[in-house]
Amino acid sequence: MYGHFATQPSGTGQSGPGVPAATRRPRRAAGSREEREPVPDQVRSSAYRTLAASLRDAIRNGEYADGQQLPTEEQLSARHSVSRQTVRRAMQDLVSEGIIYRVAGRGTYPVAEADRYLRHFGSVEDLMALSLDTECEVVTPLRHAVDVAGASRLRLPSDDVHAVTLIRRHGNVPFCHTSVVLPPPVGALISDVPELAAAGRRSRITVIGLIDARMARSIKGAEQSITAAAAPPPVARHLEFAAGQPVLRIDRLYTDETDTPVELAVSYFDPAHYSYRMRLRRGPS
């Protein structure tokens with residue numbers, strides 16, 4: 001997130017002892033414009049994010065399909081009751097995300113759906129919601145396996161795990177290869193899911209979403225690490241490029257409310273179709 005620094009008014013605006021009568025401000029009725037607090041920076045920040053989210057959803061829902069021009073800054077300002085500066089800030093975010101582009105003297109347009117894929121991952125719920133607009137294809141069905149490294153990261157007493165390998169697609173374009181390793185009790189919870197039972201099976205599911213729906217304890221969070229890597233041959237083959245090509249590797253270790261690991265997902269993302277962005281905010285001094 002972007003940092004904002006709030007400023008406080010220098011005085012209360014009320015008269016009192018020692019204040020010359022000529023400089024005293026007249027008392028205003030409660031709720032009048034003069035007595036309203038300045039708009040906090042957090043509110044301004046929320047306004048542009050709300051507008052950006054509204055436009056993002058409208059574009060994804062096809063409201064500006066076939067290269068239709070977006071409303072002007074003036075039109076958006078009036079329609080959403082926000083300042084032109086707020087509109088401009090929201091537009092800047094969407095441009096940087098690759099959702100819209102601007103043509104000098106002509107206006108602002110959505111990037112064609114085939115040329116973009118964007119999702120914000122700010123919570124575990126966002127990761128579960130991948131099923132809303134992407135498709136999952138099974139490479140290797142859910143099965144019992146022996147995985148020393150995976151079992152160690154899951155803090156298991158033995159090397160026995162459940163494992164499944166998946167490809168995730170957007171618009172039929174493969175952009176992510178994921179190997180999922182589960183503790184045996186967790187794997188048993190989803191062992192009867194038909195969407196994970198056969199190679200080549202496609203569906204709109206996420207493994208963590210299935211686990212969350214069936215497990216008695218809730219998913220609390222995930223630890224994530226991001227590194228650059230050379231694509232292993234199996235990954236490159238399924239993502240349809242040469243082995244050794246640079247990819248983004250993202251490891252996520254999900255834990256439940258008792259801090260017990262319930263899933264390890266090792267994903268390789270094609271950087272031509274995926275980017276990772278994060279906003280940092282400066283905390284209070």
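**Crossing of helix 2 and helix 3**

In this predicted model, helix 2 passes helix 3 in a right-handed crossing, a crossing being right-handed if the near helix is turned clockwise from the far one by less than a right angle, and left-handed if anticlockwise. The contact (heavy atoms within 4.5 Å) is made by Glu73, Glu74, Leu76 and Ser77 of helix 2 together with Arg84, Val87, Arg88 and Met91 of helix 3.

The chain as a whole contains 8 helices and 9 strands, taken as DSSP runs of at least four residues (H or I) and at least two (E), respectively. Of its 285 residues, 37% count as buried, that is, under 20% relative accessible area with a 1.4 Å probe.

The pLDDT, the predictor's confidence in each residue from 0 to 100, averages 79 over the chain, and 73% of the residues score at least 70. Over residues 1-36, however, the pLDDT is below 50, and this stretch has 29 contacts in the model beyond near neighbours in sequence.

Residues are numbered from 1 along each chain as its sequence is written. Local features need pLDDT of at least 70 and side-chain atom pairs 80 or more, while totals for chains, interfaces and linings use all residues, and side-chain values use heavy atoms, without hydrogens and water.

Terms used:
Buried means under 20% relative accessible area, exposed over 50%, partly exposed in between (1.4 Å probe, protein chains only).
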